[in-house]
Amino acid sequence: MQSLSLLSVSVVIVLAVSYSDAFTRNDFPKDFLFGAATSAYQWEGAVDEDGRTPSVWDTFSHSDNKKGDGDIACDGYHKYQEDVKLMAEMGLEAFRFSISWTRLIPNGRGPVNPKGLKFYKNLIKELRSHGIEPHVTLYHYDLPQALEDEYGGWINRKIIEDFTSFADVCFREFGEDVKLWTTINEANIFAIGAYSEGFLPPGHCSTNTFVNCSTGNSSTEPYIAGHNLLLAHASASKLYRLKYKSKQRGSIGFSIYAYGLSPYTNSTDDEIAFQRAKDFLFGWMLKPLVYGEYPDVMKKTLGSRLPVFSEEETEQVKGSSDFFGIIHYMTVYVTNSKPSPSLPPSNREFFTDMGVDTIFIGNSSFFGWDAIPWGFEGVLEYLKQSYNNPPLYILENGLPMEHDSALQDTPRVEYIQAYIGAMLNAIKNGSDTRGYFVWSMIDLYELLAEYKNSFGLYYVNFSDPGLKRSPKLSASWYSGFLKGTVDVASQDITQSQSNFSGSSSL
Ligand code: BGC
């Protein structure tokens with residue numbers, strides 16, 4: 001990897017200029033896992049090859065108002081060996097990827113596709129043979145279109161059984177070699193984006209705040225979908241624990257998108273809004289998983305729009321997650337938004353229910369945002385204090401830049417090192433964080449920006465039919481950090497510490 005080692009020279013210079021307190025990989029526990037992530041639709045391509053059928057994401061990306069799709073993406077389906085080699089050269093200890101449900105079970109339920117099975121077995125074998133730990137996400141936005149068409153996907157309880165059967169196939173077929181399972185990718189943002197605001201697949205909404213949707217009910221569907229996501233997770237987790245765990249010895253977790261939050265002013269209104277934001281954004285999913293019930297403020301605000309767990313379901317959901325997967329990118333101020341008394345419940349959506357406005361801290365765009373590492377540290381501290389210090393894996397963290405910007409992605413290097421430094425502080429303060437994955441291992445089809453921006457450690461030339469990969473400065477930096485060939489400095493993140501961590505909502 002001559003190109004990687006050449007780039008390392010400039011990494012040392014960047015770091016020496018910018019920072020003072022050094023930390024190294026060895027400051028983290030030995031069994032801590034540092035890796036990078038992708039997801040099936042964003043990385044694999046080969047969407048209609050070898051028996052795969054469309055998911056709702058294929059349909060969504062091909063719908064009228066979208067440009068770009070994951071039909072080819074980085075062609076990970078064919079290039080997985082090359083990519084695993086790059087991961088190994090970088091020194092990655094773990095790789096997070098997701099399984100395309102319709103590649104494995106093309107009709108959503110029923111027969112397993114032998115070619116899909118073979119692909120994931122080969123990928124996992126390839127990772128293991130390079131000493132890279134697989135971390136598998138079962139659901140990353142790509143519901144089989146067949147199930148959406150048949151009964152409406154996540155807003156129908158039938159999904160629980162089908163998701164559990166899909167998980168069963170994955171545990172049975174891959175569980176010998178996979179010890180870390182995340183059932184659902186960022187379930188809270190998925191329920192909001194897909195069923196309240198319509199900007200994520202399958203694109204349901206009724207208030208048309210962000211996009212115009214042809215179907216949906218923003219006042220009820222996000223909560224129904226959220227409820228079914230929790231039940232589907234709990235059901236898969238129960239199955240794993242009963243049938244596989246004692247033999248396979250893995251763990252199973254649920255993941256959420258976690259904004260860093262800070263009250264905009266010290267007014268009582270903003271302080272209360274801050275509590276509400278924590279309850280709606282974190283507590284919605286985490287309270288049932290840890291304490292067996294939805295937050296009181298959600299019950300009160302939503303009334304009959306919030307589904308109710310039966311006693312049996314409460315027992316099944318509570319304690320069903322061995323760890324939480326945390327997806328963190330940015331920190332926002334929250335301020336009270338005045339409730340609009342004239343807004344009938346049927347015209348509400350998640351954000352009007354939450355009654356909070358968010359304001360980005362610093363600059364933010366599709367092409368990057370300011371690093372606010374104290375916001376991340378605050379999230380980890382808050383989870384420790386309010387949710388019994390659960391084991392955590394940071395499943396995604398990273399910085400987007402314009403895709404065609406230079407390979408010298410210095411802002412990304414600075415961002416990642418600042419966030420790793422913040423995580424180290426949290427761990428020293430007792431957070432049980434066990435792993436960290438950069439989003440993304442490689443440039444890929446982006447969720448909201450197609451190919452215009454990218455988060456990759458590796459650049460992909462999407463105009464080249466061979467989709468040539470080239471290491472960015474960030475790949476070199478991460479490699480140096482993991483191999484211990486560079487000392488990394490942490491930013492002074494205590495200076496602008498928010499009170500996010502201090503005021504627990506419980
Ligand atoms: C999603 C990814 C996405 C990334 C960057 C995450 O919340 O899980 O699929 O590409 O954000 O937008």
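In which loop is the place of arginine 249? The legends below describe close-up views of a predicted model, and the first of them takes up this residue.

**Figure 1. Arginine 249 in a loop of the predicted model.** Arginine 249 has its place in the loop between α10 and β6, the latter spanning residues 251-257. Its phi angle is near 55 degrees, a positive value in a residue other than glycine. Arginine 249 counts as exposed because its relative accessibility, 67%, is over the cut-off of 50%.

**Figure 2. Asparagine 388, with a positive phi angle.** This residue is found in the loop between helix α15 (373-386) and strand β13 (392-396). Asparagine 388 is not a glycine, and its phi is positive, near 60 degrees. With a relative accessible area of 56%, asparagine 388 is exposed.

Figure 3. The ligand sits in the largest pocket. For glutamate 186, an N or O atom of the side chain is 2.6 Å from a ligand oxygen atom. Taken alone, the ligand exposes 310 Å², and the protein buries 92% of that.

**Figure 4. Two cis peptide bonds.** One of these bonds runs from proline 201 to proline 202, with omega near 10 degrees. Proline 202 has its place in the loop between α9 and α10 (221-248). The other cis bond joins tryptophan 439 and serine 440, with omega about 5 degrees. Serine 440 is found in the loop between β15 (433-439) and β16 (453-454).

**Figure 5. Helix α9, a mostly covered helix.** Helix α9 comprises residues 187-195, and nine of its nine residues are buried. Among the buried residues are Ala187, Asn188, Phe190 and Tyr195.

**Figure 6. Glutamine 145 in helix α7.** Helix α7 covers residues 145-151 and includes glutamine 145. This glutamine counts as buried because its relative accessible area of 16% is under 20%. Its side chain makes a polar contact of 2.8 Å with the side chain of aspartate 149.

**Figure 7. Methionine 401 in strand β14.** Strand β14 consists of residues 401-402. Methionine 401 is buried, with a relative accessible area of 13%. Methionine 401 and asparagine 453 are 52 residues apart in sequence, yet their C-alpha atoms are 5.4 Å apart in space.

Notes. Residues are numbered from 1 along each chain as its sequence is written. This is a predicted model: local features need pLDDT of at least 70, side-chain atom pairs count only at pLDDT 80 or more; totals for chains, interfaces and linings use all residues. Side-chain values use heavy atoms; hydrogens and water are left out. A polar contact is a pair of N or O atoms within 3.5 Å; within protein, one must be able to donate a hydrogen and the other to accept it, and residues adjacent in sequence count only if both atoms are side-chain atoms. Accessible areas come from the Shrake-Rupley method with a 1.4 Å probe; for residues, only the protein chains shown count as cover. On a 1 Å grid over the protein atoms alone, a cavity is a set of points where a 1.4 Å probe fits but cannot get out, and a pocket is an open set with protein on both sides within 12 Å along at least five of seven lines; lining residues have an atom within 4 Å of a point. A molecule sits in a cavity or pocket if more than half of its atoms lie within 2 Å of its grid points. Buried means under 20% relative accessible area, exposed over 50%, partly exposed in between (1.4 Å probe, protein chains only). Helices (H or I, at least four residues) and strands (E, at least two) are DSSP runs, numbered from the N terminus.
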